[in-house]
Amino acid sequence: MDFGPKILFVIPLLGGIPVTDSVVVSWFIVAFLGIIFYMGGRHLKNIPEGMQNVLEIILDFISSFVTDVTGPKGEVIIPYIGTVALYLIIANVIGAFGISPPTRDINIAASLAVLTIIYVIYSSIKARGFKGWLKSFTEPLGIILPFKILDIFTRPLSLAVRLFGNIMAGFIIMELVKDFVPVLVPSFLSLYFDFFDGLIQAVVFSLLTVMYVHEGMEKMED
């Protein structure tokens with residue numbers, strides 16, 4: 001049984017670019033979020049109501065989530081963290097609605113992890129300056145330089161493997177359960193493997209990102 005992403009079609013460019021179901025689902029999630037936020041922010045009112053009210057509650061929650069860890073200076077990273085967190089929440093729990101979660105694809109998980117580390121490096125350079133960022137590799141002692149360099153590669157690897165491993169494991173278990181016990185049992189297990197565990201993985205990924213960025217900001221304050 002193949003649990004990996006399936007190629008839906010091939011774009012006839014550069015010898016053929018295969019597009020998998022995980023990429024297509026990701027496109028739909030991005031489009032869904034774009035439409036929701038466009039609709040909710042189209043006619044802003046001083047006293048929010050309807051969709052604007054829901055979006056402001058979500059924004060307040062994400063803002064508190066970030067600033068509780070970083071303090072007021074962390075407000076600059078709220079747009080990135082919010083975007084990643086909302087994508088991951090939908091991508092991880094979408095299995096509960098019968099759609100294969102795109103984060104079971106190691107390419108999607110790795111792309112998010114690499115993008116996150118690039119953002120962490122960008123934030124650190126912006127906070128400390130390029131020379132200060134380079135100098136941080138030898139602080140507090142020059143002997144730790146190899147470990148600091150290694151850290152740049154191990155962090156995205158850890159983020160990607162943790163996200164992919166947990167979502168893929170839950171996806172495989174649910175597919176096996178559906179084959180062997182197709183009635184009632186999948187519905188109960190889906191609440192944990194598709195919904196609860198999906199939310200947990202989204203929170204863990206977002207929290208680690210906040211902590212990595214905050215680490216650079218703390219050094220700036222020092």
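1. Helix axes here are lines fitted to C-alpha atoms over the stretch in contact, and angles run from 0 to 180 degrees between N-to-C directions. Helices are DSSP runs (H or I, at least four residues), numbered from the N terminus. On that basis, the axes of H4 and H6 come within 8 Å and cross at roughly 145 degrees.

2. A word on the source. This is a predicted model: local features need pLDDT of at least 70, side-chain atom pairs count only at pLDDT 80 or more, and totals for chains, interfaces and linings use all residues. Residues are numbered from 1 along each chain as its sequence is written, and side-chain values use heavy atoms, with hydrogens and water left out.

3. The crossing of H4 past H6 is right-handed (the near helix is turned clockwise from the far one by less than a right angle). Contact means heavy atoms within 4.5 Å. On the H4 side the contact residues include Ile106, Leu112, Val114, Thr116 and Ile121. H6 contributes, among them, Ile152, Arg155, Pro156, Leu159 and Phe164.

4. What is the make-up of the contact of H4 with H6? Its residues divide into 14 nonpolar, one polar and one charged. Here Ala, Val, Leu, Ile, Met, Phe, Trp, Tyr, Cys and Pro count as nonpolar, Asp, Glu, Lys and Arg as charged, and the others, Gly among them, as polar.

5. Now the salt bridges (a side-chain nitrogen of Lys or Arg within 4 Å of a carboxyl oxygen of Asp or Glu). The count is three. One of them joins Asp21 and Arg104, at 3.0 Å, N to O. Asp21 lies in helix H1 (residues 21-41) and Arg104 in the loop between helix H3 (78-93) and helix H4 (106-128), so the pair ties together parts 83 residues apart in sequence.

6. Are Asp21 and Arg104 buried or exposed? Buried means under 20% relative accessible area, exposed over 50%, and partly exposed in between (1.4 Å probe, protein chains only). Asp21 is buried at 13%. Arg104 is buried too, at 1%.

7. The Arg155 side chain meets Asp151 in a salt bridge of 3.0 Å, N to O. Both lie in helix H6 (residues 145-180), four residues apart, about one turn of the helix. Arg155 also bridges to Glu215, at 3.0 Å, N to O. That pair links distant parts of the chain: Glu215 sits in helix H7 (residues 185-221), 60 residues from Arg155.

8. Arg155 is buried at 15%. Asp151 is partly exposed at 27%, and Glu215 is partly exposed at 31%.

Note on methods
Helices (H or I, at least four residues) and strands (E, at least two) are DSSP runs, numbered from the N terminus.
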